[in-house]
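Me: I'd like to learn how to read a fold from the whole chain down to a single residue. Can you walk me through it?

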Amino acid sequence: MQFDVWAPKALERVTLWLDGAERALARMPGRDGWWSVEAEAGEGARYGFALDNGPVLPDPRSRRQPDGPDGPSAVVLPDSHAWRHDWAGRDLRHAVLYEMHVGTYTHEGTLDAAAARLDELVDLGITHVELMPVCPFPGVHGWGYDGVAPWAVHEPYGGPAALKRFVDAAHGHGLGVVLDVVHNHLGPSGNHLPAFGPYFTPTHPTPWGAAVNLDAPGSDEVRAYLTGSALAWLRDYRLDGLRLDAIHALADDRALTFLEELSTAVDALSRELGRPLSLIAESDRCDPRTTAPREIGGLGLHAQWNDDFHHAVHTALTGEAQGYYADFAVAPLAALAKTLTHGFFHDGTYSTFRGRTHGRPVDVTHTPAYRFIGYAQTHDQIGNRALGDRLAASLSPGLLACAAALVLTGPYTPMLFMGEEWGAGTPWQFFTDHTDPELAAAVREGRRREFAAHGWVEAEVPDPQDPATYERSRLDRSERERPPHARLLAWHRELIALRRAQPDLADPDLAAVKVAYDERAGWLAVRRGEVRIAVNLSEEPVAIPLGRGGRVLAAWDPVQAPGPEGLLRLAGHSCAVLADF
């Protein structure tokens, strides 16, 4: 097989170390900075590259790091997995996403253990599993956003073979799989790319140090490296899409941006494979150009997370007003109504949190609603709180039911964070397992200082390096059978089934969504075609003027359809879904 490496920093020689044997690589004609050699190698053979008689380093394009990011790479042959299920693909229209962290979803914390639970997601009505990052990082436990080998799979999760088994099993259950990938930085420990070439540039300072090189000299190869990784996930692992972490943190001043190149390449691969492939952006820019077609000046990505919708839901449910919630909390139901009908709350409005005008209006007549991902909780919005407390830690079951109704009957592609469907009582805290003692101490102290600045007692902030922080964050599956969790689980299942059964709830026309609300009384009603959704976020019963007639499709508490007076009477902390006929 052929071993290639881009190593422009090598002055005289590059050596392949393969199972203890040494072989010299030759420069590749016509490919500046590339070196290559042919060598016999079987599945699992250990190898690495040494530049100019330096230390042996893992392959930048390594598919497997069995001993962690600092160890040798291992060969993964392309035909090593016998796929059991043919798969035509599944796009985001009519999708219901489920964000999953492999390490805390099950007690075992492996891909195989998660695959054994996929029937639960099918029963719930989920269509796509969105895996948090699985690239290798130092240690065993972590969120995954400090990965350092963008082509490989974290060995404690089961490595690349386990990811293929997971995707194969998911497809066998009719589930699509989306993978969260990080292109804006690599982790601070175990990153050997700078030894090979200009993968990073000091041109743009970032919170992580030098920026990933997308626009400086050598950036053509760095872009090809990241695009190649993305295409490998989609092609070799048969994934259905990628979630692109924090694209606003990509420093890229070239006329043709990396994201446009990436979306072009993914669309081409989709046509080649004959199945839909999706790119889902995380972006805090509130910019509809993220998902606009490239032909009209957009980036051509297929969907984006809508944090504005989350913030509106969160403030309406909790009354919190700190940080970026401040503008939403001024009139939370008005903010929620705006995000339900116009996409973004900040669409050219002043952001107190940023101290400037922010966002751009969405053309609701031409932007299908499914291009926005809607959610009440995510790993970020829970885990970036000091204690990692979920909504269930402070809200009544009725308010959790209202949150589910807003997300699962709303206009956007709904997404749940693992355990949300039963109101999990376990927190989701920030945990790490850094093997570098200095880095571990810096992360611990940095997090405590961050929250101390917001009034927290430092000692109350969980230590990310303490194994107990990770242990607390693992789901307790026994909750599913106990009240009130079992009732919440049944409610989520009922709402997802209703979304599938009622065509109006899958209508992508954002301009057709109508919302009425009473800020003082605490109720909000949404009309989607012939379906009406009403939530009462106050503790007191309310009478909501919905109009006469109709029938109840689903309700958290027993409720009658509006009588001649046209009023729907909802108990406190309750919600209902009705049809006109």
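Predicted model: local features only at pLDDT ≥ 70, side-chain atom pairs only at ≥ 80, totals over all residues.

Me: What secondary structure does the chain have?

Reply: There are 14 helices and 27 strands in the chain. The radius of gyration is 25 Å, close to the 25 Å from the globule rule for 581 residues, so the chain is as compact as a globular protein of that length. Along the principal axes, the C-alpha atoms fill a box of roughly 85 × 55 × 50 Å.

Me: And how do I read the contacts by sequence separation?

Reply: Contact here means heavy atoms within 4.5 Å. Take the contacts in the chain with a separation of 6 or more: residues 24 or more positions apart account for 69% of them.

Me: How many positive and negative side chains does the chain have?

Reply: The chain carries 53 positive and 77 negative side chains, and the centres of those two sets lie 4 Å apart.

Me: Let's zoom in. Where does threonine 426 lie?

Reply: Look in the loop between strand 20 (413-417) and helix 12 (437-452).

Me: Is threonine 426 buried or exposed?

Reply: Threonine 426 counts as buried because its relative accessibility is 11%, and the cut-off for buried is under 20%. Leaving aside neighbours within four places in sequence, threonine 426 is in contact with Arg390, Arg472, Arg474, Leu475, Asp476 and Glu479.

Key: Residues numbered from 1 in each chain as written. Heavy atoms only, no water. Helix = DSSP H or I, 4+ residues; strand = E, 2+ residues; numbered from the N terminus. Buried < 20%, exposed > 50% of the residue type's maximum accessible area, 1.4 Å probe, protein only. Rg over C-alpha atoms; globule rule 2.2 N^0.38 Å. Lys, Arg positive; Asp, Glu negative; His and termini not counted. Charge placed at Lys NZ, Arg CZ, Asp CG, Glu CD.
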